[in-house]
Every structure is written in structure tokens, then in C-alpha cells.
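Thanks for asking me to look this one over.

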Amino acid sequence: MTDTDVAGRRVLLAAPRGYCAGVARAVKVVEKALELFGAPVYVRHEIVHNKYVVKTLEAQGAVFVEETDQVPEGATVIFSAHGVAPTVHQGAEARRLETIDATCPLVTKVHKEAVRFARDGYTILLIGHQGHDEVIGTSGEAPDHVTIVEGPEQAATVTVRDPDRVVWLSQTTLSVDETQATVAVLKNRFPNLKSPPSDDICYATQNRQAAVKQLGTDADLVLVIGSTNSCNSLRLVEVALEAGARDARLIDHARDIDDTWLADVHTIGLTSGASAPEILVDEVLDWLAERGYAQVEVVQATEEHQHFALPQSLTSRKSPPHGTET
């Protein structure tokens, strides 16, 4: 490879990217529980939607299950960052499970909003993806009052009990633009539609999308590090294409990159979803540098300083003395 071959090749590195405060907290919850209780520690569903994180925690002794009835009676179970419905809490209590709730505080906020609006007699139009863990948990807070709306097309046909008592809430990891398009249709149909007290789409989702919009205008190819079941990562691919990137791809690891994607590519945008650790970004940067993309420029949309404390049930406990069993 000659100097001429690599001239002009660069990487635009998005900031912010990667772990949000809710994901960092959830992963730390599992690690702390393993430290306090020892393996195995059971986790209902993937703690966050990232294959690397799940496999890493499994290697440390975490056991991921689909439902609480797979957890031995009396054991400890952690609820994932996406939140769960009240029925899941009740099922765990019936099995005498010790529960640790790793739900992101921003998701918990939406749960509380659903409970309050249902109590006040509102029909809740929950904008989100049917079957997503977070949507299942939120709708479970008020199942008789929640109708899931997946996009503008459903917004155009959804029916409600009382058009004057309607509120919209949303899954926290959606595309900002996608959500607002759905809200616009709903507002046109229901002029008295009430909005949540604050924007439900989380700060991290918005910030990562803003950074991708900035680099997408200059990138020939945007690589988004994240797993296929990560909604916020999938949205970053869409945002990159909408921003003008010629191509955008979702990858779990550097080894997923196909060399043919780099044909006639001078500028690569790189970001990672809110559940992807920074080690995966470093691996991709190394892989790209080996192929001539050694120049890295940071595209800073904003700075983040958010931090969520661990659940009190963990911070009030002390680690066992070294070498003792729990």
C-alpha cells in the first residue's frame, strides 16, 4: 500500500458514543452482584442488548434466563435495564426470589408516567416496537390503558375511548425524528393530545443520533457497533443514511467488516450504540488503521456527565472476605 493509496483516508469518530449511564449502571449491577454473592447470579433477559457484554458476563458467572420460573426458588435474580412489568415482580415474589432491579432510571420514569396517566383515565398511546422488552414492561404497568403505536401509519388509524383524554409516551431508544413524525400524525387526529412532562427519548439516544447526523454528511461509510437486537443501534444506521452517508452498516465486532465495503471509501464514520463497550471501538479503529485509515477526527456533538447510582440493595452490602463463600 503506497502513500498515494491512503491519502485522504480518515475516520470520523462520533462523540458521544457507546455506554450510556443506564447501561453502565446495569452492567455494574451484575458485576457487583457477582462480587457480593458469587456465581451463579441469574439475570432475566439480556442485561443490555449486546452480544459481547452478555458473553463477558456469562464468563464471569452470570446466567441469563428468559423467565423467572427458570431461576431456582430463593435465588437472586436481576431485572435488565429495559424494565419489567409488575406481573414479573409478582412472579418473582411468589418464588421467594431476591430481586435486584437494574432498570434504567429513565425507563422507570416512563413507567411512573404510565401509571399516573392510567390512574387519571387517559388512553396511553405508547410509541414503540411491539415485542421490545422495554415496550412490554411499560405497557404492563397499565395494560388496559395502553395501545402500542409503531409509527405514523398506525397513528393514522389508531382508535381511542375519549379523544379528549389521550396522552403519548414513547420507548426511550427510538429515533427522535421517527417519534416526532408519529406524534405529528397523532396531534393532527387528536388536537387535545397530551405530551409527557418531558421528552421520553433518553438523552443518550438523542446525543448519539446528533453526533451521527454531523458525521453522516461527510462520511462515505458509517460503521455502527452494536447488536441486531439493539434498537438504538439500528436507529443509528438509519440516521446515518438519512444524514447523507452513502452506506451504513451495523457490526458486532471488527471481524464483521467486509473489505469490499471499503471500495472507493475515503471517509468512514464510526460510532457505537448505547450498549456497546469502548473496547469494541478500539478494535475497529485498529482494524481500520491497518488498512490505511489511521487519521482519526472526533466529531463532538455534546458532552455527557450523567451518572446513575447503583441500587441501594447492593451499595448497603459489603463484599465477603477474600476466600469465603457466600
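1. Overall size. For a chain of 326 residues, a compact globule would have a radius of gyration near 20 Å, and the protein comes out at 22 Å, which agrees. Please keep in mind throughout that this is a predicted model. Taken along the principal axes, the C-alpha atoms fill a box of roughly 65 × 65 × 30 Å.

2. Make-up and packing. The protein has 12 helices and 12 strands. Of its 326 residues, 52% count as buried. If we take the contacts between residues at least 6 apart in sequence, 76% of them join residues at least 24 apart.

3. Strand 8. I would look at residues 166-170, which form strand 8: 5 of its 5 residues are buried. Which residues cover each face? Val 166, Trp 168 and Ser 170 lie on one side, Val 167 and Leu 169 lie on the other, and all are buried, so that both faces of strand 8 are covered.

4. The partner of strand 8. Strand 6, made of residues 123-127, pairs with strand 8 in the parallel sense, over 5 bridges.

5. Strands 2 and 3. Strand 2 (residues 41-44) is also covered on both faces: Val 41 and Val 43 are buried on one side, Tyr 42 and Arg 44 on the other. Note that Arg 44 is in this buried set. Strand 2 pairs with strand 3 (residues 62-65) in the parallel sense, with 4 bridges. Within this pairing, Val 43 has Phe 64 of strand 3 as its bridge partner.

6. The cavity. How many cavities of 30 Å³ or more does a search of the whole structure find? The search gives 1, and the largest cavity has a volume of about 260 Å³. Its lining has 20 residues, and the closest to the centre are Cys 20, Val 23, His 82, Thr 173 and Asn 232. By class, the lining is made up of 9 nonpolar, 10 polar and 1 charged residues. Helix 2 (21-37) and helix 10 (231-243) each supply at least two residues of this lining.

7. Cys 231. This residue is found in helix 10. Is Cys 231 buried or exposed? Cys 231 counts as buried because its relative accessibility is 7%, below the 20% cut-off. Leaving aside neighbours within four places in sequence, Cys 231 is in contact with His 129, His 132, Gln 171, Thr 173 and Leu 174. Along the chain, Cys 231 and Gly 128 are 103 residues apart, yet 10.0 Å separates their C-alpha atoms.

8. Gly 8. For a contrasting spot, go to the loop between helix 1 (3-6) and strand 1 (10-15), where Gly 8 lies. Gly 8 has a relative accessible area of 53% and is therefore exposed, the cut-off being over 50%. Between the C-alpha atoms of Gly 8 and His 132 there are 41 Å, with 124 residues separating the two along the chain. His 132 is one of the contacts of Cys 231 described in the previous point.

Notes
Residues numbered from 1 in each chain as written. Predicted model: local features only at pLDDT ≥ 70, side-chain atom pairs only at ≥ 80, totals over all residues. Heavy atoms only, no water. 1 Å grid on protein atoms, 1.4 Å probe; cavity = no way out; pocket = protein on both sides within 12 Å on 5 of 7 lines; lining within 4 Å. Points joined across faces, edges and corners; volume = space filled by probe spheres on them. Nonpolar A, V, L, I, M, F, W, Y, C, P; charged D, E, K, R; others polar. Buried < 20%, exposed > 50% of the residue type's maximum accessible area, 1.4 Å probe, protein only. Pairing = 2+ DSSP bridges. Contact = heavy atoms within 4.5 Å. Rg over C-alpha atoms; globule rule 2.2 N^0.38 Å.
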